[in-house]
Amino acid sequence: MSQTQDIQFGDDRMAERYWAKVLANPETGCWEFRGGLGGSGYARIYVDGIVVPGHRYFYQVLVGGIPDGLQLDHLCRVPKCVNPRHLEPVTSAENTRRGNVTKLTRERVAEIKVKLSHGQQSQAEIANDFGVSQNAVANIAQGKTWADVEPIEIPGRRRPRVVLSMEVAEQIRATPEISGSEWARRLGVNQQTISKIRTGKTWKA
Ligand SMILES: [Zn+2]
(Lines give C-alpha, C1' and ligand atoms only; values in the text may rest on other atoms or scores of the structure.)
Protein backbone atom coordinates (compact mmCIF):
# COMPACT_ATOMS: atom_id res chain seq x y z
CA MET A 1 0.00 0.00 0.00
CA SER A 2 3.00 2.27 -0.48
CA GLN A 3 1.25 4.49 -3.02
CA THR A 4 -1.34 5.53 -0.43
CA GLN A 5 1.20 6.64 2.22
CA ASP A 6 1.32 10.30 1.21
CA ILE A 7 -2.38 10.90 0.93
CA GLN A 8 -3.47 13.68 3.25
CA PHE A 9 -6.90 14.65 4.48
CA GLY A 10 -8.09 17.64 2.47
CA ASP A 11 -6.00 16.81 -0.62
CA ASP A 12 -7.02 19.36 -3.24
CA ARG A 13 -7.52 16.79 -5.95
CA MET A 14 -10.80 16.01 -4.19
CA ALA A 15 -13.53 18.63 -4.42
CA GLU A 16 -14.14 20.64 -1.26
CA ARG A 17 -17.81 19.66 -1.12
CA TYR A 18 -16.84 16.02 -0.57
CA TRP A 19 -14.29 16.83 2.13
CA ALA A 20 -17.01 18.83 3.89
CA LYS A 21 -18.90 15.58 4.43
CA VAL A 22 -15.99 13.66 5.90
CA LEU A 23 -14.84 13.67 9.50
CA ALA A 24 -11.34 12.40 10.31
CA ASN A 25 -11.40 10.27 13.44
CA PRO A 26 -8.12 11.02 15.24
CA GLU A 27 -8.20 7.74 17.15
CA THR A 28 -8.83 5.30 14.34
CA GLY A 29 -7.57 7.30 11.37
CA CYS A 30 -10.86 6.57 9.64
CA TRP A 31 -12.36 9.24 7.42
CA GLU A 32 -15.97 8.83 8.39
CA PHE A 33 -18.52 9.88 5.84
CA ARG A 34 -21.34 11.93 7.37
CA GLY A 35 -23.65 12.09 4.37
CA GLY A 36 -26.10 9.46 3.13
CA LEU A 37 -25.14 5.83 3.52
CA GLY A 38 -26.06 2.87 1.35
CA GLY A 39 -27.47 -0.53 2.26
CA SER A 40 -24.40 -1.81 4.06
CA GLY A 41 -23.38 1.47 5.58
CA TYR A 42 -21.18 2.52 2.69
CA ALA A 43 -20.86 6.19 1.79
CA ARG A 44 -23.01 7.27 -1.12
CA ILE A 45 -21.98 10.35 -3.02
CA TYR A 46 -23.26 12.11 -6.09
CA VAL A 47 -20.87 12.59 -8.96
CA ASP A 48 -22.38 14.26 -12.01
CA GLY A 49 -25.84 13.40 -10.75
CA ILE A 50 -25.10 9.70 -10.37
CA VAL A 51 -24.84 7.88 -7.05
CA VAL A 52 -21.47 6.20 -6.58
CA PRO A 53 -19.93 4.33 -3.63
CA GLY A 54 -17.94 6.96 -1.74
CA HIS A 55 -14.99 4.78 -0.79
CA ARG A 56 -14.45 3.78 -4.42
CA TYR A 57 -14.64 7.40 -5.54
CA PHE A 58 -12.14 8.59 -2.92
CA TYR A 59 -9.80 5.77 -3.86
CA GLN A 60 -10.06 6.53 -7.57
CA VAL A 61 -9.42 10.26 -7.15
CA LEU A 62 -6.64 10.02 -4.57
CA VAL A 63 -4.87 6.81 -5.56
CA GLY A 64 -5.94 5.91 -9.05
CA GLY A 65 -8.00 3.38 -10.93
CA ILE A 66 -9.25 0.21 -9.32
CA PRO A 67 -8.21 -2.76 -11.46
CA ASP A 68 -11.15 -4.28 -13.33
CA GLY A 69 -13.29 -6.61 -11.28
CA LEU A 70 -11.58 -5.88 -7.97
CA GLN A 71 -13.42 -4.86 -4.84
CA LEU A 72 -12.10 -2.53 -2.18
CA ASP A 73 -11.74 -4.30 1.12
CA HIS A 74 -12.15 -2.10 4.19
CA LEU A 75 -9.15 -3.13 6.27
CA CYS A 76 -10.53 -1.07 9.16
CA ARG A 77 -13.94 -2.80 9.01
CA VAL A 78 -15.69 0.58 9.03
CA PRO A 79 -17.94 0.59 5.94
CA LYS A 80 -18.48 4.37 5.92
CA CYS A 81 -14.72 5.03 5.98
CA VAL A 82 -13.40 6.59 2.75
CA ASN A 83 -9.72 6.76 3.71
CA PRO A 84 -7.81 5.12 0.82
CA ARG A 85 -5.13 4.03 3.29
CA HIS A 86 -7.74 1.76 4.85
CA LEU A 87 -8.77 0.27 1.52
CA GLU A 88 -7.19 -2.52 -0.42
CA PRO A 89 -8.23 -3.72 -3.88
CA VAL A 90 -8.83 -7.47 -3.70
CA THR A 91 -10.60 -10.06 -5.80
CA SER A 92 -14.12 -10.95 -4.76
CA ALA A 93 -12.81 -14.44 -3.92
CA GLU A 94 -10.25 -12.93 -1.56
CA ASN A 95 -12.87 -10.63 -0.06
CA THR A 96 -15.09 -13.64 0.53
CA ARG A 97 -12.18 -15.58 2.02
CA ARG A 98 -11.62 -12.76 4.46
CA GLY A 99 -15.16 -13.19 5.56
CA ASN A 100 -16.39 -9.77 4.59
CA VAL A 101 -19.35 -10.85 2.57
CA THR A 102 -22.55 -9.79 4.18
CA LYS A 103 -25.36 -12.26 4.40
CA LEU A 104 -28.27 -11.40 2.21
CA THR A 105 -31.78 -11.15 3.54
CA ARG A 106 -35.06 -10.87 1.63
CA GLU A 107 -35.21 -7.19 2.48
CA ARG A 108 -31.73 -6.53 1.16
CA VAL A 109 -32.35 -8.57 -1.99
CA ALA A 110 -35.49 -6.50 -2.61
CA GLU A 111 -33.34 -3.36 -2.39
CA ILE A 112 -30.76 -4.82 -4.76
CA LYS A 113 -33.52 -5.61 -7.27
CA VAL A 114 -34.76 -2.02 -7.06
CA LYS A 115 -31.25 -0.80 -7.81
CA LEU A 116 -30.89 -3.22 -10.71
CA SER A 117 -34.19 -1.97 -12.14
CA HIS A 118 -33.06 1.65 -11.90
CA GLY A 119 -30.11 0.76 -14.10
CA GLN A 120 -28.00 3.60 -12.70
CA GLN A 121 -25.30 1.47 -11.14
CA SER A 122 -23.33 -1.44 -12.50
CA GLN A 123 -23.63 -4.84 -10.85
CA ALA A 124 -20.09 -4.36 -9.51
CA GLU A 125 -21.07 -1.06 -7.90
CA ILE A 126 -24.21 -2.54 -6.36
CA ALA A 127 -22.13 -5.46 -5.07
CA ASN A 128 -19.71 -3.04 -3.46
CA ASP A 129 -22.50 -0.97 -2.00
CA PHE A 130 -24.04 -4.01 -0.34
CA GLY A 131 -20.80 -5.74 0.56
CA VAL A 132 -21.58 -8.85 -1.47
CA SER A 133 -19.79 -10.47 -4.38
CA GLN A 134 -20.49 -9.39 -7.93
CA ASN A 135 -21.46 -12.97 -8.59
CA ALA A 136 -24.18 -12.75 -5.96
CA VAL A 137 -25.64 -9.69 -7.68
CA ALA A 138 -25.38 -11.31 -11.13
CA ASN A 139 -27.22 -14.38 -9.83
CA ILE A 140 -29.99 -12.17 -8.45
CA ALA A 141 -30.21 -10.24 -11.74
CA GLN A 142 -30.54 -13.47 -13.71
CA GLY A 143 -33.10 -14.91 -11.30
CA LYS A 144 -30.84 -17.81 -10.37
CA THR A 145 -31.20 -16.95 -6.71
CA TRP A 146 -33.93 -15.19 -4.72
CA ALA A 147 -36.25 -15.40 -7.74
CA ASP A 148 -39.34 -15.03 -5.56
CA VAL A 149 -38.32 -11.68 -4.05
CA GLU A 150 -40.10 -8.66 -5.52
CA PRO A 151 -38.18 -5.43 -6.10
CA ILE A 152 -40.00 -3.43 -3.46
CA GLU A 153 -38.65 -0.20 -2.09
CA ILE A 154 -38.32 -0.30 1.66
CA PRO A 155 -40.72 2.28 3.12
CA GLY A 156 -39.09 5.05 5.06
CA ARG A 157 -35.85 4.76 3.20
CA ARG A 158 -35.53 7.59 0.76
CA ARG A 159 -34.77 6.89 -2.86
CA PRO A 160 -31.50 8.33 -4.02
CA ARG A 161 -32.20 11.86 -5.10
CA VAL A 162 -30.79 12.35 -8.52
CA VAL A 163 -29.41 15.77 -9.15
CA LEU A 164 -29.87 16.71 -12.77
CA SER A 165 -26.89 18.11 -14.50
CA MET A 166 -26.17 19.35 -18.00
CA GLU A 167 -24.36 16.11 -18.62
CA VAL A 168 -27.42 14.05 -17.70
CA ALA A 169 -29.64 16.36 -19.79
CA GLU A 170 -27.41 15.84 -22.80
CA GLN A 171 -27.48 12.10 -22.23
CA ILE A 172 -31.29 12.21 -22.18
CA ARG A 173 -31.37 14.13 -25.48
CA ALA A 174 -28.79 11.86 -27.07
CA THR A 175 -30.75 8.66 -26.42
CA PRO A 176 -34.05 8.87 -28.34
CA GLU A 177 -34.26 5.07 -28.17
CA ILE A 178 -34.89 5.32 -24.43
CA SER A 179 -38.45 6.39 -23.70
CA GLY A 180 -39.28 9.36 -21.51
CA SER A 181 -40.99 7.15 -18.95
CA GLU A 182 -37.92 4.92 -18.79
CA TRP A 183 -35.63 7.92 -18.16
CA ALA A 184 -38.09 9.24 -15.56
CA ARG A 185 -38.02 5.88 -13.79
CA ARG A 186 -34.24 5.65 -13.88
CA LEU A 187 -33.72 9.13 -12.50
CA GLY A 188 -36.63 9.19 -10.08
CA VAL A 189 -38.14 12.30 -11.64
CA ASN A 190 -41.49 12.74 -13.39
CA GLN A 191 -42.00 12.31 -17.09
CA GLN A 192 -42.78 15.97 -17.60
CA THR A 193 -39.28 16.82 -16.44
CA ILE A 194 -37.86 14.56 -19.14
CA SER A 195 -40.03 15.99 -21.91
CA LYS A 196 -39.09 19.54 -20.86
CA ILE A 197 -35.45 18.57 -21.18
CA ARG A 198 -36.03 16.94 -24.56
CA THR A 199 -37.93 19.88 -25.99
CA GLY A 200 -35.25 22.26 -24.74
CA LYS A 201 -37.53 24.08 -22.28
CA THR A 202 -35.08 23.34 -19.49
CA TRP A 203 -31.39 22.48 -19.35
CA LYS A 204 -30.81 24.16 -22.69
CA ALA A 205 -27.25 23.71 -23.84
ZN1 LIG B 1 -11.01 3.36 8.14
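The buried residues of helix α5 are covered by a set of elements that includes β4, α2 (54-62), β5, α4 (106-118) and α6 (134-141), where two residues are taken to be in contact if their C-beta atoms, placed from the backbone, lie within 7 Å. Helices (H or I, at least four residues) and strands (E, at least two) are DSSP runs, numbered from the N terminus. This is a predicted model, in which local features need pLDDT of at least 70 and side-chain atom pairs count only at pLDDT 80 or more, while totals for chains, interfaces and linings use all residues. Residues are numbered from 1 along each chain as its sequence is written.

Helix α5 itself spans residues 123-130 and is mostly covered, with six of its eight residues buried; a residue is called buried if 20 or more other C-beta atoms lie within 10 Å of its own, exposed if 12 or fewer, and partly exposed in between, with C-beta atoms placed from the backbone. The buried residues are Ala124, Ile126, Ala127, Asn128, Asp129 and Phe130. After α5 comes Gly131, which has a positive phi near 70 degrees.

Most residues other than glycine have a negative phi. Asp48 has a phi near 55 degrees and is found in the loop between β3 (44-47) and β4 (50-53), and Asp48 counts as exposed because it has 11 C-beta neighbours inside 10 Å. Arg77 has a positive phi of about 60 degrees and is found in the loop between β5 (71-74) and β6 (87-90); with 10 other C-beta atoms within 10 Å, Arg77 is therefore exposed.

On the α8 side, Gly180, Ser181, Trp183 and Ala184 meet Gln191, Thr193, Ile194, Ser195 and Arg198 of α9.

Taken as a whole, the chain holds nine helices and six strands, and 27% of its 205 residues count as buried. Among contacts in the chain with a separation of 6 or more, 57% are made by residues 24 or more positions apart.
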